[in-house]
Amino acid sequence: MKNPHRESPRVAVIGAGLGGLAAAARLAATGHQVDVFDRQSGPGGKAFSETLGDYRFDTGPSLFTLKPVFDRLFADVGRRFDDYVTTTPLDTICSYFWRDGTRVHSSRDTERMAQDFARAFGEDPDHLRRYLSYSGRIHRITSHLFLEHSLHEWSTYATRGFWSSLVQLPRIDALRTMARANERFFDDRRLQQFFNRYATYNGSDPYQTPATLNIIPHVEYGMGAWAVHGGIHAVPRAIEALARDLGVRFHYGQAVERILTTASRRGRPGRVRGVRVGGEERAVDVVISNADVVSTYERLLEDTSARLYRRYRKLEPSSSGLVFYWGLRRRHPELGLHNIFFSDDYRSEFRQIFREGRCPDDPTVYVNITAKEGAPGDAPADGENWFVLVNAPWDQGQDWEAEADRTRRAVLRRMSVELGYDVESAIEVESRMTPPEIQARTGSHLGSLYGISSNSTMAAFLRHPNRSRRYPGLYFVGGSAHPGGGMPLVVLGGRIVAELVTRHHG
Ligand SMILES: Cc1cc2nc3c(=O)[nH]c(=O)nc-3n(C[C@H](O)[C@H](O)[C@H](O)COP(=O)(O)OP(=O)(O)OC[C@H]3O[C@@H](n4cnc5c(N)ncnc54)[C@H](O)[C@@H]3O)c2cc1C
């Protein structure tokens with residue numbers, strides 16, 4: 001039978017995570033017929049939403065940066081991000097607490113921050129100025145090359161931007177670690193710790209990861225952070241609404257069981273021809289997997305002999321996290337939207353996570369409270385919704401109930417000392433998420449938050465390519481594929497994949 005939509009390729013997207021949503025919206029805008037399948041009951045993947053009694057929580061990401069990436073997604077298809085979701089630039093970005101009583105607030109106003117750092121740490125304000133200009137330089141050199149294009153397509157290497165980035169690569173500080181570079185820039189140990197924390201923005205270890213990751217402070221201070229009205233989950237909701245407006249069909253509560261391919265020829269796998277969902281086959285021309293690379297090969301292709309799969313399995317995953325969702329019937333004026341309570345010994349914290357595979361004895365505690373800014377309805381008027389995140393190793397078969405109990409006690413002890421009362425007594429509702437639960441809920445390999453870690457200099461080149469050469473018609477988007485994890489990065493991945501699909505199946 002003749003296909004009435006012959007010139008309009010059919011695309012199945014497996015997963016309504018942010019990367020899958022971005023690719024789906026863009027492809028619908030260029031005339032593809034797009035169906036998105038997700039086994040969860042709605043969009044967002046890791047950026048899901050959960051309600052416990054009177055309290056709502058974002059389940060995963062909490063810090064919203066690089067808004068221009070989202071603006072561009074909407075602008076490229078003729079819409080405005082701001083028409084779909086409201087955001088407010090944060091003046092105070094995060095409040096930082098040390099055990100010795102030091103308190104500082106990070107701010108988009110970097111001059112004010114330099115003065116605050118001088119007061120709190122006695123640090124010369126010029127140190128911050130020089131650091132941020134260095135961070136901005138790394139961003140200028142690397143963003144075009146590493147974030148906006150596939151690193152696995154010859155066409156990337158034919159662009160002018162590539163060559164101008166390439167000649168400047170020696171200036172991206174790839175030969176020393178982040179921690180070593182930060183020791184050179186700042187005299188005060190607490191300030192070194194402050195900037196070492198940025199390694200955790202992609203699940204890496206500041207004592208191993210190359211100093212190139214010092215690009216991240218530029219993203220936060222040079223470009224800003226925003227509060228999202230309604231909480232982070234409003235972001236995937238907005239992209240989903242955009243995609244629906246452009247004609248994308250969503251199928252929730254439907255797990256894709258298999259990616260179907262044509263018969264193999266001369267020992268090589270065939271090309272993609274469809275997906276199997278709920279026991280039924282659906283014919284498509286293109287499949288975009290927003291599921292983790294490992295589960296795509298193991299479960300959806302049942303192909304564990306693929307070279308890229310075997311290589312990927314050997315790479316070190318990014319760190320995972322222990323998340324506690326606490327609804328507290330009490331308000332804390334000293335806390336803001338984002339709060340960090342630093343441990344005393346950062347080096348040993350990362351050693352325990354990355355080398356010993358256990359949760360730190362004295363963890364740095366992150367507390368996000370959306371009811372403070374952007375989403376006042378997320379908690380009752382006399383309460384707060386605490387999303388508490390502690391960095392943890394990826395799942396290596398640890399006793400996670402014991403690890404979570406031990407960590408919960410350490411966090412409660414710390415918070416009670418900081419706030420001057422027994423915090424546990426204010427908890428009205430609670431739940432938690434361990435690394436195996438992160439894997440069970442989102443399919444993320446071993447519960448890693450951001451795909452593979454960036455602890456090696458080569459990590460950027462080792463992420464899975466966005467286009468499969470082994471299976472023509474198969475594409476990868478999301479944290480485990482290029483350019484890596486984090487909300488803006490997977491949305492950039494959606495653009496790379498949409499461009500590749502349009503080029504090869506337009
Ligand atoms: C606790 C935590 C904190 C984080 N904090 C931040 C932060 O502050 N800022 C930031 O930028 N990033 C943060 N991140 C990372 C960020 O959430 C992720 O990088 C990003 O959301 C991943 O998007 P993705 O496109 O890879 O899809 P994912 O979110 O991984 O979603 C993949 C989707 O695919 C679906 N799926 C998988 N297999 C199938 C199948 N067979 N059939 C159908 N559906 C399937 C899953 O159900 C899921 O919905 C955090 C993550 C976590 C978990």
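Two strands pair if DSSP finds at least two bridges between them. The model is a predicted one, and Arg258 gives an example of pairing in it, standing opposite Arg276 in β12.

**The three-stranded sheet**

The strands β11, β12 and β13 make up an open sheet in the order β11-β12-β13, and the pairing is antiparallel. β11 (256–261) and β13 (280–283) are the edge strands; each has a single partner strand, so one side of each has no neighbour in the sheet. From one strand to the next, the twist averages 25 degrees.

β12 covers residues 272–277 and is joined to β11 by five bridges. β12 and β13 form a hairpin with two residues between them. Gly278 sits in that turn, with a positive phi of about 55 degrees. In a regular strand, side chains alternate between the two faces of the sheet.

**Domains**

The domain assignment of the chain gives domain 1 as residues 109–223 and domain 2 as residues 316–442. Their C-alpha centres are 26 Å apart. The contact between them involves 10 residues of domain 1 and nine residues of domain 2. On the domain 1 side, the residues that touch domain 2 comprise two nonpolar, six polar and two charged ones.

**Ligand shell**

Which residues come nearest to the ligand, out of the 39 around it? They are Gly15, Gly17, Gly19, Gly45 and Gly478. By class, the shell has 18 nonpolar, 18 polar and three charged residues.

Several helices and strands supply at least two shell residues each: α1 (18–29), β2 (33–38), α10 (293–300), β15 (320–328), α14 (435–442) and α16 (487–505). The highest contribution is that of α1, with three residues.

Most residues other than glycine have a negative phi, and most peptide bonds are trans.

| Residue | Phi | Other C-beta atoms within 10 Å |
|---|---|---|
| Asp173 | positive, about 60 degrees | 21 atoms |
| Leu446 | positive, about 60 degrees | 18 atoms |

Asp173 is in the loop between α5 (160–168) and α6 (178–185). Leu446 belongs to the loop between α14 and α15 (459–462). Is each of them buried or partly exposed? A residue counts as buried if 20 or more other C-beta atoms lie within 10 Å of its own, as exposed if 12 or fewer do, and as partly exposed in between. Asp173 has 21 such atoms and is therefore buried. Leu446 has 18 and is therefore partly exposed.

There is also a cis peptide bond, which joins His482 and Pro483 and has an omega of about 0 degrees. Pro483 is located in the loop between β20 (474–476) and α16. α16 is also one of the elements that supply at least two residues of the ligand shell.

Terms used:
Residues numbered from 1 in each chain as written. Predicted model: local features only at pLDDT ≥ 70, side-chain atom pairs only at ≥ 80, totals over all residues. Domains from an automatic or database assignment. Contact = placed C-beta atoms within 7 Å. Nonpolar A, V, L, I, M, F, W, Y, C, P; charged D, E, K, R; others polar. Near = placed C-beta within 6 Å. Helix = DSSP H or I, 4+ residues; strand = E, 2+ residues; numbered from the N terminus. Axes fitted to C-alpha atoms, helices over the stretch in contact; angles between N-to-C directions.
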